[in-house]
Amino acid sequence: MKEITFNDIEGKIAEAETEGQVEALRIEYLGRKGSITKELRNISELPKSKRAREGARLNEIKNKMEEALSDRIDQLRSQKLQEESSQHYDMTMPGISPGIGHLHPVEQLERDVVELFMQLGFEVVDGPEIETEWYCFEALNIGPDHPARDMQDTFYLENGAVPRTHTSSVQIRHMENNNPPIRVIAPGKVYRNEDEDATHIWSFRQVEGLVVDYDISLSDLKGTLEYMLKGLFGEDTELRLRSNYFPYTEPSVEMDASCMVCNEASRRHCRVCKGTGWVELGGAGMVHPQVLRNVGVDPEEYSGFAFGFGLERITAVKYQLTDLRDLWRPDIRFLRQF
Ligand code: DAH
């Protein structure tokens, strides 16, 4: 019988192309009925003089073979991994984005406004959305028969409470519990009994502002509003105050911003300012002495200014939207544009 040598086996191992073939070789030589196993078992039948040498020779083949088998398996595995990765994965390809969204444009505007007022040292305060008539109207000098209550068609709850029609109610709540100096803004939702159309929605968001201190004047109001406008729409934006009427301010003004969409050349056709060059943003004024008295602040000692504006309206102006209701709809095609 031909003597088994490691050389023969080594060649076969190198040629094995799969882990299965490697395993078959192990069984062929080293398995229970494998040829090396058999020869080792037969050593006792050899003449005594040959036993030791043959035993050592076979054991050496066995050890070398075991090592070669496991090396070949490692080789095959890493080969396979490499082939797979070059065929199926490009490790340098960018990953699949999890599709992170962004803030709703109205929320973004609110945060921008809050940020600007924080820079001026204002504090952000909050109040309830369901109010009593006192906080929403009476304390703000809007009497039961006051025509201002028609100006803001109100939802009434069965118990007589009102979903607040404006955030001005927060002025009262804050002044009741805090002494001047006061410097606050109050962003929040308001509700009005409106039929919906492109320019009216029955719930929207406002930002209220209130400052009460010694010697507060209309020029403080003007400077503050100007700071906000320039911060929101750019340094070139101008503020215009027009006389108006609110029961809780005296004097009362309407605040306009110079149109941020058109310039002189394109003004005639501008849909945002309708050719006037100015966009109406909200109301403001010097806090009415009666309002201060209603919350126990002496109007002889203190004065203040207040303002309020709607965030949806300003968002609509900023992005030239034609329908406010788009800001309500969860339509991703619309929202992606911002
Ligand atoms: N509350 C008014 C509205 O909802 C806005 C407003 C006007 C707020 C004048 C004020 C103010 O604080 O002084 O239309």
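Trainee: Where is P251 in this structure?
Mentor: P251 sits in strand β7, which covers residues 249-258. Keep in mind that the model is predicted.

Trainee: And the peptide bond from E250 to P251, cis or trans?
Mentor: The bond leading from E250 into P251 is cis, and its omega is near -5°.

Trainee: What joins P180 and P181?
Mentor: A cis peptide bond, with omega about 5°. P181 is found in the loop between α8 (169-177) and β4 (182-191).

Trainee: Now D215. What is its phi?
Mentor: D215 has a positive phi, about 55°, although D215 is not a glycine.

Trainee: Where does D215 lie?
Mentor: In the loop that runs between β5 (203-213) and α9.

Trainee: On to α9, then. At what angle do α5 and α9 pack?
Mentor: Helix α5 (residues 105-119) and helix α9 (residues 218-233) pack at about 135°, and their axes are 10 Å apart. Angles over 145 degrees count as roughly antiparallel, so α5 and α9 are classed as oblique to each other.

Trainee: Is their crossing left-handed or right-handed?
Mentor: The crossing of α5 and α9 is right-handed.

Trainee: Which residues meet there?
Mentor: From α5 there are L109, D112, V113, L116, F117 and Q119, and they meet T224, Y227, M228, G231 and L232 of α9. By class, that contact has 7 nonpolar, 3 polar and 1 charged residues.

Trainee: What about α1 and α2, how do they cross?
Mentor: Helix α1 (residues 6-15) and helix α2 (residues 19-30) cross at roughly 155°, with axes that come within 9 Å. The two helices, α1 and α2, are therefore roughly antiparallel to each other. The crossing of α1 past α2 is right-handed.

Trainee: Which residues of α1 and α2 meet?
Mentor: I9, K12, I13 and E15 in α1 are in contact with Q21, L25, E28 and Y29 in α2. The classes in this contact are 4 nonpolar, 1 polar and 3 charged residues.

Trainee: Change of topic. What volume does the second largest pocket have?
Mentor: About 250 Å³. The pocket is lined by 13 residues, and the closest to its centre are E3, E39, L46, E54 and R57.

Trainee: Which elements give two or more residues to that lining?
Mentor: Those are α3 (35-42) and α4 (48-88).

Trainee: Which element gives the most?
Mentor: α4 does, with 5 residues in the lining of the second largest pocket.

Trainee: And what is the lining like by class?
Mentor: The lining of the second largest pocket has 8 charged, 4 nonpolar and 1 polar residues.

Key: Residues numbered from 1 in each chain as written. Predicted model: local features only at pLDDT ≥ 70, side-chain atom pairs only at ≥ 80, totals over all residues. Heavy atoms only, no water. 1 Å grid on protein atoms, 1.4 Å probe; cavity = no way out; pocket = protein on both sides within 12 Å on 5 of 7 lines; lining within 4 Å. Points joined across faces, edges and corners; volume = space filled by probe spheres on them. Helix = DSSP H or I, 4+ residues; strand = E, 2+ residues; numbered from the N terminus. Nonpolar A, V, L, I, M, F, W, Y, C, P; charged D, E, K, R; others polar. Axes fitted to C-alpha atoms, helices over the stretch in contact; angles between N-to-C directions. Parallel < 35°, antiparallel > 145°, perpendicular 65-115°, else oblique. Left-handed = near helix turned anticlockwise from the far one by under 90°. Contact = heavy atoms within 4.5 Å.
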